[in-house]
Amino acid sequence: MSSEIEFITACKEKVLSGQKISKEESDRLINTPEEYLQILSDAANEITRKLCGNVVDVESLINAKKGKCQEDCSFCSQSAFYKTDIDTYKLLPPETIVQNAMLSKNDGVKSFCLVCAWRGPTEKDFEQISSIIDKINKEVGIEVNCSLGFITQDMALKLKKLGVKRYNHNLEAPRSFFSQICTTHTYDDRMETNLIVKNAGLELCCGGIIGMGETRMQRLELGLDLAGLSPEECPINVLVPQQGTPLELQTRLSISEILRTIAVFRFLMPKTILKIAGGREVYLSNDQERALLGGANGIITGGYLTIGGNSPPDDFQMISKIGLEA
């Protein structure tokens, strides 16, 4: 019994001293016996508090262009490959997006992310997005982040010039599992975009989705690759099966498996904003506080791309209740 506790403690102290845990150590951590899961979560929380402080990063997003995406990602109801019941629309009018940014700011949210469902923006699309970002900067004054798919180096540099802080481009799935999730682009395509983002001087937001049928060790594989990118932010999404997609009948992950993943990702990325994102409300329900006291230090509030979420006031109340700040 004591050897397991001693091992978790030794890994925690190693991380707090500025060292990286080894592949072998991360293998053992991800397979921590169930009876020691709370000790693992507590250790991840201590790393978070000591290296990241008590602030929870709260972000909202807008699905600025919805559906009819040309990619075949099997988790996504916005893919044109699948017959789903979602409504679709082209790029929203600038006024609508600016108004949503203002609402987020008034709710106390610190950052606002523009998300578009496409492989990547055309030059025309990108000019429209750039104009919208400029309007948000002038009329709202909220931190703007973007998730626009595959972009060129010139586009990334333009976003940096516009004052965009962070660009999101998730790896989505582990490399060894990726071909089972998407065939219209590769894992390396996604890696290349992340390097473009970093080379442009933008902060990188890069995470993935767990619970798509991958193994526990493949989740660790994803975590190790993410750690290698040193993202400023890492969203951890949990698959919410969508009707009409190939994963609509996927077995759902247990709460303990989600908490285990969050904790180990914290050991791998001690100073990164670990953001519990899609699936948080569906899976964790009253256990969301456990995630924020078990390695996570960020949330998406107000809903996601195709599903709803907690309201900002409810989330701010939850953060305050557990003694953290937003």
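Reader: Which helix gives the largest share of the lining of the largest pocket?

Author: Rolling a probe the size of a water molecule over the atoms shows where empty space is left. In this predicted model, local features need pLDDT of at least 70, side-chain atom pairs count only at pLDDT 80 or more, and totals for linings use all residues. Residues are numbered from 1 along each chain as its sequence is written, and side-chain values use heavy atoms, without hydrogens and water. The largest share, 3 residues, comes from helix 8. Helix 1 (2-16) and helix 9 (255-268) also give two or more residues to this lining.

Reader: Where does the charged end of Arg-28 sit?

Author: A charge sits over a ring if NZ of Lys or CZ of Arg is within 6 Å of the ring centre and within 35 degrees of the ring normal. Here Arg-28 sits over the ring of Phe-7, 4.0 Å from its centre. Arg-252 lies over the face of Tyr-283, at 5.6 Å from the ring centre.

Reader: How many aromatic pairs does the structure hold?

Author: Rings of Phe, Tyr and Trp (its six-membered ring) pair if their centres lie within 6.5 Å; planes under 30 degrees apart count as stacked, over 60 as edge-to-face and the rest as tilted. The structure holds 1 such pair. The ring centres of Phe-178 and Tyr-187 are 5.8 Å apart and their planes stand at 75°, so this pair is edge-to-face.

Terms used. Helix = DSSP H or I, 4+ residues; strand = E, 2+ residues; numbered from the N terminus.
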